[in-house]
Structures are given as C-alpha cells and as structure tokens.
Amino acid sequence: MIVNVDDERKKKRMDFFFFKQKTAYEIKECDWSSDVCSSDLVPRKRARHIITEDRRVEEFVAASANGDPATMGKLFLGSHRSLQHDYEVSCEELDFLVDTAIGIAGVYGARMTGGGFGGCTVNLMAPGAGAAFRQTISRAYKAKFSIDPVFYPVRPSDGAGRVI
C-alpha cells in the first residue's frame, strides 16, 4: 500500500559530489565501517547510499524469488534509512510514516519513494493487514500532523514489458 504525506515538496539544496580520485570498483569494494569510507563527508555518504542501494536491490530480487517477505521488508527499511541518513532526501512526515508502519502487525517493511523531500511511502505487508494498517496510520498521522493521509492500495505485478 502506498501512503502520500500530502505535503508540498520541501525546498532543499543538494550538493552532489563524486569521488574523482577513486574508480567505481574501489568505491564498491570500500569497507564502509572504516574511517576512510564512513566519514560524514557528504560525498562519501552519497556514494555509500548508491553502492549499498545497488546491493539491496540485488538482495531484494533474490528474496523475492525465494518468496521471503521478511527479508524483503528488512531491505525496504534499510533502503529508507539510507535515503534518510546518507542521501538525506527524506523528511519528518516520511520518517514518521515508516517508523509507524514497521510497528504494525503484518507489515514487513516500509520506505519512501519518489524524489524525496515529501511524497509517498511504499509499505510491504501481508495479505489481510491493509485494514489495520490504514486505521493505525490514519489515526497516528492525523494526530501528529493534522492531515488525513491519502492511501493508494496496490498489488505487485510484473514490470514494464513489450506489448506486440
């Protein structure tokens, strides 16, 4: 289920940097727990998000193929935290929705989607969890932000393909 924060996109200037002194392979193989790679420098944080997001996508594909929604949900949440802390494109409303969603029975994971600074969350949940999810999110979001959230129920489907 997708939930829209119904908030205008927040204006925030982003500075994007690239590691010119390292090759993509060197960045990919970087030990992000080391002082060199885990520094709070903006370029390192942005690069860490990109590299770890690529890994999460690969792991998500495998978990999906194995029918493992718990792992898929953890990867959703890891993606959100990376977008929140490393890429810094989340906002209070999105973080609130994700943090609230992951505490609801039947929700495997949640993450923001879109360009950031507002927008929607995508929530991966068990069949039948939608009604309790909607009720809990509606009540909590209205209490916190005085806004009724907008819900868009969706179902996973095959991606885009060629139609002949």
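In this predicted model, helix 4 (residues 69–85) packs against helix 5 (residues 92–101) at an angle of about 155 degrees, the two axes lying 11 Å apart. Helix 4 and helix 5 are therefore roughly antiparallel to each other, a term applied to angles over 145 degrees. The contact, defined by heavy atoms within 4.5 Å, brings Leu77, His80, Arg81 and Gln84 of helix 4 against Leu94, Asp95, Val98 and Asp99 of helix 5. The residues of this contact comprise three nonpolar, two polar and three charged.

Five aromatic pairs are found in a search of the whole structure, a pair requiring ring centres within 6.5 Å. The rings of Phe60 and Phe76 have centres 5.5 Å apart and planes at 20 degrees, so this pair is stacked (planes under 30 degrees apart). Phe60 in helix 3 (residues 42–65) and Phe76 in helix 4 are 16 residues apart, and their pair links distant parts of the chain. Phe60 is partly exposed, with a relative accessible area of 24%, whereas Phe76 is buried, at 14%; buried means under 20%, exposed over 50%, and partly exposed in between.

Together with Phe96, Tyr141 and Phe145 form one aromatic cluster.

Residues are numbered from 1 along each chain as its sequence is written, and side-chain values use heavy atoms, with hydrogens and water left out. Local features need pLDDT of at least 70 and side-chain atom pairs count only at pLDDT 80 or more, while totals for chains, interfaces and linings use all residues.

Methods:
Axes fitted to C-alpha atoms, helices over the stretch in contact; angles between N-to-C directions. Helix = DSSP H or I, 4+ residues; strand = E, 2+ residues; numbered from the N terminus. Parallel < 35°, antiparallel > 145°, perpendicular 65-115°, else oblique. Nonpolar A, V, L, I, M, F, W, Y, C, P; charged D, E, K, R; others polar. Phe/Tyr/Trp six-rings, centres within 6.5 Å; stacked < 30°, edge-to-face > 60°. Buried < 20%, exposed > 50% of the residue type's maximum accessible area, 1.4 Å probe, protein only.
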